[in-house]
Amino acid sequence: MHPESVSSTPLAGGKRPNVVRRLYNWTLGWSDRPGGTWALFGVSFAESSFFPIPPDLLLMALNIGRPKRSFWFAAVCTVGSTLGAIAGYYIGLLLFDQVGRPVLEFYGATDSFDRVGNLYRENLVLALGSAAFTPIPFKVFTIAGGAFQVPLLPFAITALFGRAARFFLVSALVYVFGPTIKAFIDKYFNILSIVFLVVLVLGFVVVRTFLH
């Protein structure tokens with residue numbers, strides 16, 4: 001789903017791709033094991049604050065294996081990811097130096113941290129909502145949310161709706177089109193995310209103009 005998460009291209013030091021590839025294979029391995037639903041919840045939770053592999057991969061595999069439970073898996077993914085977002089928020093709020101900063105450094109996102117803070121000051125809903133749906137590293141936004149002390153309730157609600165939009169869309173596509181849609185989503189996920197983000201921004205502008 002996220003090319004930057006699963007690429008085997010060597011990076012500095014030559015270590016991270018191997019680790020990420022092993023995590024990628026480990027994540028997908030849960031699709032045909034007992035406890036796959038719990039693994040989906042755990043991966044969704046962890047990915048919102050530190051884990052590098054997106055839960056969409058396991059979500060699609062579970063949906064393909066048991067299509068009638070597609071929307072149940074989407075709900076599990078949404079709840080896990082939202083709770084993980086709240087955990088990331090508290091990492092930023094209470095453990096930024098001990099945990100949050102090392103996570104940002106691992107993803108090379110320290111330079112983006114202040115920009116995320118500015119986005120939050122401009123519009124929390126639009127900033128977090130777009131990050132929750134698109135390939136933007138969600139964990140950077142969740143940790144920054146706590147570090148910049150944005151209001152928790154709107155943060156949690158926005159995370160919930162943003163993650164639900166993403167995961168239920170993935171499950172709906174797999175439910176309707178079956179296994180053939182997996183390759184399409186894998187190939188065009190970034191483009192689909194950008195299209196959705198453009199629609200989201202246009203909708204926000206229309207609503208804001210109408211209300212004012």
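R101 forms a salt bridge with D97, with 3.2 Å between the closest N and O atoms, where a salt bridge is a side-chain nitrogen of Lys or Arg within 4 Å of a carboxyl oxygen of Asp or Glu. This is a predicted model, in which local features need pLDDT of at least 70 and side-chain atom pairs count only at pLDDT 80 or more, while totals for chains, interfaces and linings use all residues. Residues are numbered from 1 along each chain as its sequence is written, and side-chain values use heavy atoms, with hydrogens and water left out.

Both R101 and D97 lie in helix α6 (residues 96-106), four residues apart, or about one turn of the helix; helices are DSSP runs (H or I, at least four residues) numbered from the N terminus. R101 is partly exposed, with a relative accessible area of 37%, whereas D97 is exposed at 55% (buried means under 20% relative accessible area, exposed over 50%, partly exposed in between, with a 1.4 Å probe and protein chains only).

A search of the whole structure finds four salt bridges, including these:

| Pair | N to O distance |
|---|---|
| R101 and D97 | 3.2 Å |
| R163 and E47 | 3.1 Å |
| D56 and R166 | 2.6 Å |

R163 and E47 meet through their side chains; because R163 lies in helix α10 and E47 in helix α3 (residues 36-47), the pair ties together parts that are 116 residues apart in sequence. Both of these residues, R163 and E47, are buried, and a network of salt bridges links E47, K139 and R163. D56 and R166 are buried as well.

Key. Helices (H or I, at least four residues) and strands (E, at least two) are DSSP runs, numbered from the N terminus.
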